Amino acid sequence: MQGKELGDYIIEVERIRKTFPDGVQALYDFSTRIRRSEVVVVIGPSGAGKSTFLRCLNGLEDFDSGTITIDGIPLDDNKENRFEIRKEVGMVFQLFNLFPHMTVLENVNLAQMLVRKKNHDEATKVTMSLLEKVGIPDKAQSYPSQLSGGQQQRVAIARALAMVPKVMLFDEATSALDPEMIGEVLDVMKTLAQEGMTMVVVTHEMGFAREVGDRVIFMDEGRTVEEGSVEQIFSNPQKERTRQFIGQIL
Amino acid sequence: MPPVNNKRSRRIWFPVIHSPWSDVIKFLLVLAALTWLLYRGTESLGYNWQWHRVSRYIVSVKDGQVIFGPLIQGLLVTLRICGWSLVFSFTFGLLTALLRMSDSVVGRGVARCYLELIRNTPLLVQLFFLYFVVAPVLNIDRFTAGVLALSLFEGAYASEIFRAGIVSVARGQWEAAHSLGLSTFHLYRYIILPQAIRYVLPPLTSQAVALIKDSALVSTIAIYDLTMQGQVIISETFLTFEIWFTVAAIYLVLTVILSTMADIMAYGLKTTS
Ligand SMILES: Nc1ncnc2c1ncn2[C@@H]1O[C@H](COP(=O)(O)OP(=O)(O)OP(=O)(O)O)[C@@H](O)[C@H]1O
Ligand SMILES: [Mg+2]
């Protein structure tokens, strides 16, 4: 995106490796650095390790070696650090993962009250303004099962934003949606990007990448095959493997 | 072709089988048949039925005052034992389930040992062990020993139920909660357990029913529960058949009430979400 000021490096990933117990090597010496306010789009074939990378970033998955530092906090065995990082890193999942036994309001209020220690009224005020922002203020009292997929995903985004994270991770946030609902979720994500949120986005939505992506990482077999500006990767890929993949998805 | 046959016979039988009255009629027929068999049997034994003598062991009225008989007193003891045991067994069950799923190797080991020990020895032996060995050492009374034995025993089975309920909650719920920075306690308290309760309520009810039935064993350590009171009355009055029928009926009423309450609760849970 043009005209955006990028800050210092907020995420530093240094040669992380991850091998699952069954022997599958999901990440192999993967490194990257991401600046404040940068929107990084991660693409790659199925099994490339995109999800594993995102999940490592907020400690949902342990990695075997290498280092991850987020806003100066190392993601290591220290539990305090891990909780600190999870507070600062929001994540949006492919299948929404809303809490089905809670209303939309309760879903978004929960972590504000439990983790940020706000009282109910303060939390509700934030929640209502976030629901306004994602365009569903009238659904506060609904249960997730009463919402469309697009609405559920927007609630999930609001829920993550309620923690006022410094980084937002999106793992194929629109892949499970009916085509007519993809736009409404992408619009919310674009707004966030324009407001300067640091975002790491795994997606197949090339329109989104072109519009707000600052950089594209093409991954395969747990490594970065090629990375660069959106223009460079999509229009002028250097590696044969990248060319092949771009040819398939465009 | 069997499927076709099946279909036809089902159609023919449909009105009979699915009328609610046919169930009632069948039930009454079976009951009548059993009663008749029993009557014939006891007649040949020369058993002298004296149902009129039973009521005083339940309640009687003396000088305008209602007096609860020994069977009701026994029932109250059974209720007290079951109430405490229920609370403790579910607590043990939940704690053990959480321990088994924790990161702590020691915790998992302790849970494993407890489960193996309890599930591979008879309840009666556990009860005797607690009453004759542990109770004198720790100086606890027989009521506590009985409650402890029942709680430990049923708790081992309840833990299996809780564990199954907990793992049945979708993986994504854990991940969402973690990604929001929730602590493990908050995760279980607000996300996992409220969802698991739906899965565990039916099997937990069966477990509670089993507990009520197993509680009769405490009569062996001379706790005057419903079963013990029945035995005492019989030894004094020789109303063997009448009292055992009555005792069984009281247990039945207890367990039916419990199951009904659980059904209502399950219905409530279903409608609130
Ligand atoms: N929990 C797990 N246990 C074992 N192997 C796993 C696990 N999660 C992922 N993998 C394996 O690790 C590799 C990378 O998986 P990952 O989910 O990161 O890929 P991805 O790039 O997100 O793919 P997709 O586009 O299909 O989501 C794959 O080979 C996958 O099978
Ligand atoms: Mg994935």
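Modeller: What follows takes up the interface of the chains, then the ligand, then a contact within one chain, and the model under discussion is a predicted one.

Biologist: What makes the pair Arg55(A) and Glu175(B) a salt bridge?

Modeller: The side chains of Arg55(A) and Glu175(B) come to 2.8 Å, N to O, and the cut-off for a side-chain nitrogen of Arg and a carboxyl oxygen of Glu is 4 Å, so the pair qualifies. The count between chain B and chain A is 1 salt bridge, while 5 residue pairs are found in polar contact across that interface.

Biologist: How many residues are in contact between the two chains, and what area is buried between them?

Modeller: On chain B, 18 residues are in contact with 23 residues of chain A. The area buried between the two chains is about 1,800 Å², with carbon and sulfur atoms giving 66% of that area. On the side of chain B, Glu175(B), Ser179(B) and Leu180(B) lose the most area to chain A, together 33% of what that side buries.

Biologist: Turning to the ligand, what makes Ser46(A) a polar contact of ligand 1?

Modeller: An N or O atom in the side chain of Ser46(A) is 2.6 Å from an oxygen atom of ligand 1, and the limit for a pair of N or O atoms is 3.5 Å, so the label applies. Ser51(A) also places a polar side-chain atom 2.6 Å from a ligand 1 oxygen, whereas for Ala48(A) a backbone N or O atom lies 3.2 Å from an oxygen of ligand 1.

Biologist: Which residues surround ligand 1?

Modeller: There are 13 of them, the closest being Ser46(A), Gly47(A), Lys50(A), Ser51(A) and Thr52(A). Helix 1 (residues 50-57) of chain A contributes the largest share of this shell, 3 residues, and the shell comprises 5 nonpolar, 5 polar and 3 charged residues.

Biologist: Why can Glu38(A) and Arg215(A) be said to tie together parts of chain A?

Modeller: Their side chains meet in a salt bridge at 2.8 Å, N to O. Glu38(A) lies in the loop between strand 2 (25-35) and strand 3 (39-43), and Arg215(A) in strand 9 (residues 215-220), so the pair ties together parts that are 177 residues apart in sequence.

Definitions and conventions: Residues numbered from 1 in each chain as written. Chains lettered and ligands numbered in written order. Predicted model: local features only at pLDDT ≥ 70, side-chain atom pairs only at ≥ 80, totals over all residues. Heavy atoms only, no water. Contact = heavy atoms within 4.5 Å. Buried area = accessible area lost by both parts, 1.4 Å probe. Polar contact = N/O pair within 3.5 Å; in protein donor to acceptor, adjacent residues only side chain to side chain. Near = heavy atom within 4 Å. Helix = DSSP H or I, 4+ residues; strand = E, 2+ residues; numbered from the N terminus. Nonpolar A, V, L, I, M, F, W, Y, C, P; charged D, E, K, R; others polar.
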